[in-house]
Each structure stands twice: as C-alpha cells, then as structure tokens.
Amino acid sequence: GHVFHMGRPADRPIVFTPSGEVGFAVQDDGTVGVFRLASDGAATVISEGLAGDFYADSLRWMPSGEGFFVVDGNFPKNGGGLYPVGVGCDVSLTAESRVLDSKNARDVFFDEETGDALLCARGALGSTEVAHVHRISLGTTPELVASKDAFGDDEAITSFAARTKNGKHLILGDNSAFSAVPNRVAAVEVTATGLGAVQTLTGVDDPYSIAVSPFDD
C-alpha cells in the first residue's frame, strides 16, 4: 500500500544497491529517479530526477560499490556512452563526466575476475560498427580489449541485453523493424580475458526483453 512519486518511468528494470535499500529508476526524460526503502517498505524519494550530461537508457551498479553507471544509447556526438554516478554513504549523488563514448549502447555488465566492462553497443572506443559486444578495461584511460560481431551483419538493433547467472554468456535481442533480415537472438561467450564463440538463434520475432533462467539451463 505504499505510494511515492518521481518522474514517469521508462520501460527498464530498476537497479538496487546490493543491500536492496536504495533503488535507481530510468525515467522517460533521460533522468534517474532515486529512492530509499525502509524495512516496512515505505519509500523516501532522494531525487525525483537526477540529471547529468547523459540521457539514461539503462543502469548498472558498479562492482566497486561506489555508485552506478548510466548507459546513454545515443551516437557519440550526441552524448552516447558510459557515465559514472557516485553514491555517498549518505546517498548523496555525484553525476560525473563520460568515461567512454559508444554508439547505440544498450547495457553494460562487469567481469567479476578482471573488472572489465562488457558493453553491448554497436561501437565503442573506435571499434567497428558491426561489433555488438565489447570487453573494455576501465582503467584511468579505458582500453578496448576485444569486440565481437554477434549477428554477422550491420542490420541488427539491439533491443535488450542480459547475462546468464553463471556469467558465461551475454544474450542480445535484435528487434530491428527496418531490416530485411528477420529478428534474432544471439549468445556471445564470455571467456576469461576476452569474448568467445557466438551462437545466433533465428525465428524469434520481436525480442523486446530477455530474462535468463536462474538455474543456468
């Protein structure tokens, strides 16, 4: 029965801190709504719409625990790329500048062993536009480690990305309405230090969103 108000939500998953106490929601004006949940479920709005240089499309909590990354799906010249947002112990928020540019980015995941970013985008750090997944080392200066062409052509528009529970595969949906190629779903292997084999599944119409099995089956 608890109700609270922020901006109009976008059709994207809400991201929570590992404790589940603070939630971050992408909103349809490109801002991020932030709220805190009490033990009884009551919510306190921390920010009705956190704005930055980004137009938020998706969010992912940082493996360091210092905050979250905002994925902006625009072209590089229009701000597309990855933006960090710091979250203080008092839930103070600091929107920072873009750390890397990309084209049509959809989501980002993180390799637990290396800390590398696994970015689902058509272009990143000068990589070819037909590469749909990129492994990026997020040091002081981000470096492209590997890229992988998930669909075998430049016709795909990635609608959603997910990662299997065991972390071994990234799953991408191609929901392009402008291509003569039928829609597809691709699985890209995540190796120890790079990106591996690709399997493409055809005959999947309009893969708008993807949920992976919690049992890795």
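**Backbone, rings and histidines in a predicted model**

Asn104 comes out as partly exposed, because its relative accessibility is 25% (under 20% relative accessible area is buried, over 50% exposed and anything in between partly exposed, using a 1.4 Å probe and protein chains only). This is a predicted model, in which local features need pLDDT of at least 70 and side-chain atom pairs count only at pLDDT 80 or more, while totals for chains, interfaces and linings use all residues. Numbering runs from 1 along each chain as its sequence is written, and side-chain values use heavy atoms, with hydrogens and water left out.

Back to Asn104: the residue sits in the loop between strand 9 (100-103) and strand 10 (107-110), strands being DSSP runs of E of at least two residues, numbered from the N terminus. Its phi is positive, at about 55°, although Asn104 is not a glycine. Most residues other than glycine have a negative phi. Asp206 is another case, with a positive phi near 50° in a residue other than glycine. Asp206 falls in the segment after strand 18 (195-202) and is exposed, with 54% relative accessible area.

On to the rings. Phe, Tyr and Trp rings (the six-membered one for Trp) pair if their centres lie within 6.5 Å, and planes under 30 degrees apart count as stacked, over 60 as edge-to-face and the rest as tilted. That rule gives six aromatic pairs. One of them, Phe24 with Trp61, is stacked, at 5.9 Å centre to centre and 25° between the planes. Phe24 belongs to strand 2 (residues 22-26) and Trp61 to strand 5 (residues 56-61), so this pair ties together parts 37 residues apart in sequence. Phe24 and Trp61 are both buried. For Phe54 and Tyr83, the ring centres are 5.8 Å apart and the planes meet at 65°, so that pair is edge-to-face. Here too distant parts of the chain are linked, as Phe54 is in the loop between strand 4 (43-50) and strand 5, and Tyr83 is in strand 7 (residues 81-87), 29 residues apart. Phe54 and Tyr83 are both buried. Ring pairs also join Phe4, Phe16 and Phe35 into a cluster.

His5, in the segment before strand 1 (15-16), is exposed, with a relative accessible area of 62%. Leaving aside residues up to four places away in sequence, His5 touches Val45 and Glu48 (contact means heavy atoms within 4.5 Å). Its C-alpha atom is 9.6 Å from that of Phe35, 30 residues apart along the chain. His132 is buried, with a relative accessible area of 1%, in the loop between strand 12 (123-124) and strand 13 (133-137). Its side chain makes a 3.3 Å polar contact with the side chain of Asp149 and reaches the backbone nitrogen of Ala150 at 3.1 Å. A polar contact is a pair of N or O atoms within 3.5 Å; within protein, one must be able to donate a hydrogen and the other to accept it, and residues adjacent in sequence count only if both atoms are side-chain atoms. With residues up to four places away again not counted, His132 touches several others, including Leu119, Cys120, Phe151 and Leu172.

Notes: Helix = DSSP H or I, 4+ residues; strand = E, 2+ residues; numbered from the N terminus.
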